[in-house]
Structure formats: C-alpha cells, structure tokens
Amino acid sequence: MARITLDTLAHSYLPAPTGEADYALKEMNHVWEDGGAYALLGPSGCGKSTLLNIISGLLQPSHGRVLFGEEDVTHAPTAARNIAQVFQFPVVYDTMTVRENLAFPLRNRGMEAAYVRSRVEEIARMIGMEEALNRKARGLTADAKQKISLGRGMVREDVNAILFDEPLTVIDPHMKFELRTQLKALHRQFAHTMIYVTHDQTEALTFADKVVVMYDGRVVQMGTPEELFDRPAHTFVGYFIGSPGMNILDAEVAGTRARVHGSEIALGERYAEVGGRVQIGVRPEFCLLSRDEGLPLRVTRVEDVGRHRIVRGETEAGSVNLTLPEGMPIEEGADRVVFAPERINVYSDDWRVTPDGRAA
Ligand SMILES: Nc1ncnc2c1ncn2[C@@H]1O[C@H](COP(=O)(O)OP(=O)(O)OP(=O)(O)O)[C@@H](O)[C@H]1O
C-alpha cells in the first residue's frame, strides 16, 4: 500500500494549451494518505476519469508528477504500478469458475496454493459468493459478475492501491447498499488505499473517509462527509452535496450581519470585510418558517418525502428550500424563512471565507 502524492499535477488534452480553460485538470497538489478510503465525486466532465487514468498510468499528465510513496511513477506503465482496478462493467473469464476468477491475480503472481485457497475463500465470504465458488462464471447475473470483479480487485494484499471506476453502475439498486457496506468492511479489514470514482453522492458519502469533490477540473474540497455538509469550501460543494443542496443567496456582509435583498440576517460569527461576489449559504436543514421574522418567502411547493418534508419557495433574492422534520407543522401565515445563524457560511467569489477573512 502506498501514499499517493500529486505534485503540481495538471493535464491538457491539447498539444499546445494556452490558458486554464484548455486544461481538463487544473494544477493540483494533494497527498492521499496510505490506507485511506477516498471517493472522487463530481459531475460528468469534471475530470474524474482523467485523474484516475493518470494515477493508474493509462494517461501521462502534461505537467507534474505522481508519486507512490517516495517513488516517482509518472511515466511508469500501468503494469509496473502494482495497482488493482475495478471498472464500471464486469471483467470476468466466463469459462473459469468463480474460484478461478478470484484466484487469477494471485496465481499470476505465483502465490502458494494453500494461501490462494484460503485468501479466495476469505474474499468469497466477504462478497457473499462462497456457495458459488465452483460454478462457472458464464450464466451468472451481471450483479454476481460485478461482485466477482470487486472480489478480484480486493484479492491481492500487496497492491499499492485499488481504483474503482463507478463500480456499482450495473448493480441492482437494492444490492448497491449491500455492496457498498461490504466494500467499507473490506477496507476496514484490509486497510488498502482505495480510490472510488462516482458521480453519486450517496455512494461517495457512505464509502469514503475522505470525499474529494471535483468541479471544472479542480479539486474544490477534500473532506469528511461531515465537513462537506457543515462547511462546504466552495458553493459548488454546497449545491452538489445534500438533497436538496445548500441555499445560496447574494448578500452584503458586515460584522455579524448579512443584508439579503433589504433584509437583515444574523450571522453566527463576526466577519472582516468580504470582497468579490459575496454570498451566504445555508442548508435547508437549518431553515425554519416564521410568521414574524426573516426573509419574506413565497412557498411554491411542499413535498412529503417520508421522514421529513421539503418546502420549496421563492424569495426576492432567489429560491430557498427548507427541510422540515416529520411532525413539524407549517403554521398558517408563516411567510418568512429564518436561518440558524451559526449554520450560515459566507462565500467570496464562490470560495468560503472564515470569519477572520481568510479563504477557508
Ligand atoms: N481523450 C480525450 N480527448 C480530449 N478531451 C477529453 C478526453 N477525455 C476527456 N476529455 C475532456 O476532459 C474533460 C474531463 O473529462 P473526464 O472524462 O475526465 O471527466 P469525468 O468527470 O470523468 O466525466 P464522466 O463522469 O462523464 O466520465 C471533459 O471536458 C472531457 O470532454
């Protein structure tokens, strides 16, 4: 296993890039800790596959270096990087049994038969396929085949990292949760460095210790699910994580107050002067309806989604969503929305600022 360092890494698919816009990956410097479970999350086209392909060696970056531990692997081919990969679609050998499929990476490296047997059985147990070990892969469902791919990705203990590229795409929705949980358990047990690419926030948040959010070729935040929820470093993270995402409104901020379209809003902290385009962000979970204080709101829709209700509305400054816990009544005449002051984040040109004015 290895720590992965991305050192001034950038990539352009163009032969002669002239500006930032020509880069699919803008320059980044990151250290991904040995044994960490990382999810690479972001919308289509943000650069996830480009980054994963650079880490796996399928793509040579146009700038910067990739290190595994202390070793510079920037120009090393995939085969020399000692990584396991699991792709979107199952890669199994149909004519082999499940056991042979799982054993393949170990036999390939000349591991002892007794070790192969016990390791394969251990992995088969973890993916719930011990009953099927002696069956041929041909004829198994896509779910089962993808479980084998996952198992094969995990079977070697000596890999530098395991890379997963949207591995649950073909899995039945109800199985996804089970497999995610199993992957998490496998990570706990074997502590491999894992990188899991997805555009699905639920997958990212349940799998990873650290979620790496990408947007427009940049890593905009690398944090625990809690950090992404409480303190989104960029308005995109606020909007992308959470359902619905964070409410973001243009504001003027001075001291402990924000002014949003003529309404005064209390902030939980004192802010020094904030420049650029100033916005406040507050999650729907920290908004309440009120009859006599807050920002005037016209409720446009109320959705009952089981354990809570989502109230959607419009203010003079833009749309605002509220998430109300089950059982909380919507009072007659409640036509304002109040934000919990300590839950409000302040943004300057889309980046969160801390109360002392530094970029977060
Ligand atoms: N081989 C290529 N040649 C030129 N441009 C490319 C190539 N591959 C990707 N791109 C561009 O680079 C940018 C990042 O693409 P990338 O595939 O890394 O994003 P992604 O986040 O993985 O998206 P998706 O989730 O759709 O796979 C996009 O603008 C894409 O059009």
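The exercises below, each with a worked solution, concern a predicted model.

**Exercise 1.** Decide whether Ile-265 is buried or exposed, and find which residues it touches.

Solution. Begin with the position: Ile-265 belongs to strand β13, residues 263-271. Next, take the count of neighbours. A residue is buried if 20 or more other C-beta atoms lie within 10 Å of its own. Ile-265 has 22 other C-beta atoms within 10 Å, so it is buried. Last, list the contacts. Leaving out residues up to four places away in sequence, Ile-265 touches Arg-257, Ala-258, Val-260, Leu-295 and Phe-339.

**Exercise 2.** Describe the largest nonpolar core and the separate second core.

Solution. The largest nonpolar core has 71 residues. Among those with the most contacts inside this core are Tyr-38, Leu-40 and Val-213. Now follow Leu-40: beyond its neighbours within four places in sequence, its contacts include Lys-48, Leu-52, Ile-195 and Met-214. The second core is separate and has 28 residues, including Leu-249, Ala-251, Ile-265 and Tyr-347. Leu-40 and Ile-265 are 225 residues apart along the chain, and 35 Å separates their C-alpha atoms.

**Exercise 3.** Find which residues of helix α2 are buried and what covers them.

Solution. Helix α2 spans residues 98-108, and its buried residues are Val-98, Asn-101, Leu-102, Ala-103 and Leu-106. To read this pattern, recall the geometry of a helix. An α-helix has 3.6 residues a turn, so residues three or four places apart point the same way. The cover over the buried residues of α2 includes α3 (113-126) and α4 (142-154). After α2 comes Gly-110, which has a positive phi near 70°.

**Exercise 4.** Examine the backbone at Thr-8, His-261 and Pro-244.

Solution. Thr-8, in strand β1 (residues 4-11), has a positive phi of about 40°. Thr-8 counts as exposed because it has 11 C-beta neighbours inside 10 Å. His-261, in the loop between β12 (252-260) and β13, has a positive phi of about 45°. With 13 other C-beta atoms within 10 Å, His-261 is partly exposed. Finally, the peptide bond from Ser-243 to Pro-244 is cis, with omega near -5°. Pro-244 sits in the loop between α8 (235-240) and β11 (247-250).

Definitions and conventions
Residues numbered from 1 in each chain as written. Predicted model: local features only at pLDDT ≥ 70, side-chain atom pairs only at ≥ 80, totals over all residues. Buried ≥ 20, exposed ≤ 12 C-beta atoms within 10 Å, placed from the backbone. Helix = DSSP H or I, 4+ residues; strand = E, 2+ residues; numbered from the N terminus. Contact = placed C-beta atoms within 7 Å. Core = buried A, V, L, I, M, F, W, Y, C linked by C-beta atoms within 7 Å.
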